[in-house]
Amino acid sequence: MSRARASAEDRVENAVLKPLLLVLAAMIPLSANSILARAALTETGIDPVSFTTLRIVSGALMLMVLVRLRRDPAAGRGSWISAGALYGYAILFALAYLSLTAATGALLLFGAVQTTMVGWSLSRGEPLRPRQWAGFVLAVAGLVWLLLPGLAAPPPAAAAMMLAAGVCWGVYSLRARGSGDPARATAENFLRASLPAVLLSVVLIGQTQLDLEGIWLALASGMLASGGGYVIWYAALAVISAHTAAVAQLGVPVLVAIAGVLLLAEPLTPRLIAAGLVILLGIALVSLPARRGR
């Protein structure tokens with residue numbers, strides 16, 4: 001094999017593996033964030049507004065410190081639109097989960113994310129190939145199958161908030177492209193999002209409810225799962241298409257379910273194994289590049 005051919009194959013392999021590894025790396029903290037948020041909102045006394053404020057502000061502080069410590073900070077920029085979408089997702093997610101089961105909330109959230117991101121991708125002239133359409137349908141079907149036992153008719157207000165949270169997260173993800181350095185852009189978005197978070201907490205200070213466990217979970221969610229995870233997610237979004245990013249996020253409920261088995265002693269059921277494989281197969285069909293000549 002010639003050096004030129006070997007070099008070309010290495011470039012192709014890196015072009016496939018780098019986005020895949022970034023997406024997989026981002027899914028872990030994003031999944032952890034869901035677990036931390038659910039634990040805080042259902043098992044502690046912290047209120048959703050305070051949880052969201054601590055999450056956003058602590059994430060902003062950690063990210064700004066990391067950016068400042070870098071010797072060669074790269075160019076990057078946040079925006080008020082991205083920050084608004086970030087805070088909108090975080091606060092609506094927290095408020096909605098007070099009245100929704102985990103399964104129903106996840107289905108509404110990720111359904112809205114898929115619709116937003118895939119719809120935008122199609123409107124921008126990025127059509128899905130037949131194989132990708134099949135993968136998209138397969139992944140969504142797998143998600144419904146995974147969550148079906150816990151689905152319940154949701155209260156309209158809570159359902160509307162979770163759908164809106166999904167749209168906000170879709171918008172935030174779509175705006176990642178062209179933002180420059182992921183760490184700096186994410187830090188600026190978190191810093192901007194801290195303003196409405198603090199203002200709402202001040203307005204509702206009379207309804208504030210805090211406890212030590214809830215505070216620690218909020219700080220872990222902000223500084224570790226949200227801050228670090230969103231930096232990796234922004235880096236992944238710079239090298240993958242919008243529809244690939246949308247479908248890839250369907251892996252989050254699978255990881256959350258697996259974490260429930262490992263950390264919370266929940267049963268490992270045949271449904272979880274089969275639905276997880278179906279979702280992952282669907283993600284692979286959407287994400288893998290087409291072979292030349294096909």
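A salt bridge is a side-chain nitrogen of Lys or Arg within 4 Å of a carboxyl oxygen of Asp or Glu. I started my notebook with that term, then looked at the model.

**Ground rules.** I noted that this is a predicted model, where local features need pLDDT of at least 70 and side-chain atom pairs count only at pLDDT 80 or more, while totals for chains, interfaces and linings use all residues. Residues are numbered from 1 along each chain as its sequence is written, and side-chain values use heavy atoms, with hydrogens and water left out.

**Salt bridge.** I found 1 salt bridge in the structure. Arg192 pairs with Glu188, and their closest N and O atoms are 3.5 Å apart. Why are Arg192 and Glu188 separated by about one helical turn? I checked: they sit 4 residues apart in helix α7, so about one turn lies between them. Helices here are DSSP runs (H or I, at least four residues), numbered from the N terminus.

**Two helices crossing.** Next I looked up helix α2 (residues 48-69) and helix α7 (residues 182-203), whose axes come within 8 Å and cross at roughly 145 degrees. Axes are lines fitted to C-alpha atoms, for helices over the stretch in contact, and angles run from 0 to 180 degrees between N-to-C directions. Contact means heavy atoms within 4.5 Å. I saw that residues of α2, including Ile56, Leu63 and Met64, meet residues of α7, among them Phe190, Leu191 and Val198.

**Helix α10.** Last, I looked up Ile258 and found this residue in helix α10, which covers residues 251-263.
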